[in-house]
Amino acid sequence: MRMIVAALLTTLISPLASAGELFGSLSDGGQALANTKIELQIGGKKYETTTDAQGSYRLFAEEKGKGQFFANVPPKPVSADVFSSDHAVRYDWNIESRDGQKTLKRK
Amino acid sequence: MSSPPKDKWDKLDIILKPVGGILTAVAVASFGYLTSDYLGKKQNSESRIQLYTQLMSQREQSDSALRKDVFTTVIQNFLSPANRSMDERVLSLELLVYNFHESLNLKPLFLHVVKQISASKDTEKPEQLKRLERVAREVSRRQLMVLEGVGQGYDRTVDLAALSKERGGLDLEPATLTVDGIQRTFKMHVLEVDTQTRELKIRMEIQTPNDPKDAKKTQVAEFWIGFFDFPMIDNTRLLHDQRVSIVLNSFDEYSADLTITCFPGSYASLKEKPYFQEVVNQLLNSELNGKQ
């Protein structure tokens with residue numbers, strides 16, 4: 001009985017561990033952006049985190065589908081479309097400046 | 001008859017003559033010692049290399065023999081499938097993939113087993129299909145880690161809702177990758193999606209702007225990509241002994257996530273041989289670089 005419960009828990013928990021996970025890095029002109037606030041808006045909910053010293057981040061969303069990713073950089077936040085999936089999805093971003101406008105570009 | 005008195009140059013000559021002899025002897029002895037020392041070291045180094053090569057070759061031979069035995073045993077499960085349960089077939093495929101994913105294209109076997117599972121009435125059908133997808137994704141990820149270390153890559157996500165609305169397919173944002181000094185621009189167009197098999201039909205356009213031979217030409221490749229396409233095995237050959245491959249990382253009702261990697265051909269599967277002309281060119285280039 002214990003084995004059946006353990007097997008059921010493993011089956012249920014293992015997909016949840018990476019479901020809706022977005023991870024990756026944030027950089028500006030190739031330089032890692034540390035301690036930058038980032039936000040994911042999906043299905044009417046907001047998920048926030050901050051990049052670490054290497055510019056890396058991890059976000060977990062309960063919802064699947066299309067969302068909006070924001071990086072809080074001066075003078076104003078930049079954003080791009082993202083997708084949350086059954087499996088963890090890597091989004092490595094670089095902030096590029098064009099005509100005085102900053103944009104998020106996926107590496 | 002008395003000899004003229006010796007001046008200081010004559011005295012110096014008397015002293016230096018034997019010294020010169022001694023110096024010559026020392027120089028000859030030193031030269032002999034250095035030469036034999038150099039030759040000894042070289043011989044030592046060569047014998048070490050020979051021993052290393054011999055050990056490696058023996059290890060390779062025994063490894064190949066073991067792999068051959070494993071392969072023959074496991075492949076029998078597919079060739080004579082009588083009374084084999086679906087679970088056993090999935091296990092056999094897992095064994096094959098984990099042990100031979102760098103040398104064999106196992107996609108046909110994956111598709112065959114998926115077809116058999118789909119047709120079966122086994123109650124564990126969904127779990128078996130999940131196991132196959134899990135092993136395929138894991139192997140792709142492992143191969144990708146190696147290839148991204150030696151090459152360059154980028155990720156793109158396909159919006160499946162947008163793809164269903166676009167008649168001519170969906171364009172993904174192009175990217176420029178540089179591997180071993182060769183710069184190429186990769187453009188991907190997603191043409192079709194098969195939600196049943198979870199595969200995408202992709203047209204890949206490659207431009208090499210700095211190559212005088214290829215600058216004006218756009219190379220085009222069109223193919224289906226799914227979870228069972230492993231990057232080391234299933235890739236597109238480029239000039240200068242390089243490869244490009246696409247990996248399907250995830251696929252659900254909303255999106256499909258892809259990684260595109262360009263890498264040196266030496267990291268492609270063991271079944272692929274480099275073009276003879278490219279090997280000759282590489283040898284000639286390395287010889288020229290050595291001379292310079």
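This is a predicted model: local features need pLDDT of at least 70, side-chain atom pairs count only at pLDDT 80 or more; totals for chains, interfaces and linings use all residues.
Along its principal axes, the C-alpha trace of chain B spans about 130 × 50 × 30 Å. The radius of gyration of chain B is 32 Å, whereas a compact globule of 292 residues would have a value near 19 Å. Buried residues account for 23% of the 292 residues in chain B, and, among the contacts in this chain with a separation of 6 or more, 55% are between residues 24 or more positions apart.

Thr72(B) counts as exposed because 9 other C-beta atoms lie within 10 Å of its own, and the limit for an exposed residue is 12 or fewer. Between Thr72(B) and Val179(B) there are 38 Å in space, C-alpha to C-alpha, and the two are 107 residues apart in sequence.

The strands of chain B include an open sheet of four, arranged in the order β1-β8-β7-β6 with antiparallel pairing. At the edges of this sheet stand β1 and β6 (236–238) of chain B, each of which pairs on one side only, and from one strand to the next the twist averages 25°. Within the sheet, β7(B) and β8(B) run antiparallel and are joined by nine bridges; Phe251(B) stands opposite Ala256(B), a residue of β8(B). Helix α4 of chain B, residues 125–150, packs on the sheet and touches β1, β7 and β8 of chain B, its direction making about 45° with that of β8(B).

When residues up to four places away in sequence are not counted, Ala256(B) touches Val158(B), Leu160(B), Leu200(B), Leu248(B), Ser250(B) and Phe251(B).

Arg203(B) has Glu222(B), in β5(B), as its bridge partner.

Several strand pairings are also found in chain A. Strand β3 of chain A (residues 37–42) runs antiparallel to strand β6 of chain A (residues 65–71), and four bridges join the two; the bridge partner of Glu39(A) in β6(A) is Phe70(A). Strand β6(A) is in turn joined by seven bridges to strand β7 of chain A (residues 78–84), also with an antiparallel arrangement, and Gln68(A) stands opposite Asp81(A) in β7(A). These two strands, β6(A) and β7(A), form a hairpin with six residues between them. A further pair consists of strand β9 (residues 93–98) and strand β10 (residues 101–106) of chain A, which pair in the antiparallel sense over six bridges, with Trp93(A) opposite Arg106(A) in β10(A). The hairpin of β9(A) and β10(A) has two residues between the strands, and here Asp99(A) takes a positive phi near 55°.

The two chains meet at an interface in which 10 residues of chain B are in contact with 12 residues of chain A. On the side of chain B that touches chain A, the elements giving two or more residues are β1 (152–159), β7 (242–251) and β8 (255–264) of chain B. Of these, β1(B) gives the most, with four residues. By residue type, this side of chain B divides into two nonpolar, four polar and four charged residues.

Technical notes: Residues are numbered from 1 along each chain as its sequence is written. Chains are lettered from A and ligands numbered from 1 in the order in which they are written. Two residues are in contact if their C-beta atoms, placed from the backbone, lie within 7 Å. Ala, Val, Leu, Ile, Met, Phe, Trp, Tyr, Cys and Pro count as nonpolar, Asp, Glu, Lys and Arg as charged, and the others, Gly among them, as polar. Two strands pair if DSSP finds at least two bridges between them. Axes are lines fitted to C-alpha atoms, for helices over the stretch in contact, and angles run from 0 to 180 degrees between N-to-C directions. The radius of gyration is taken over C-alpha atoms; the globule rule is 2.2 Å times the number of residues to the power 0.38. A residue is buried if 20 or more other C-beta atoms lie within 10 Å of its own, exposed if 12 or fewer, and partly exposed in between; C-beta atoms are placed from the backbone.
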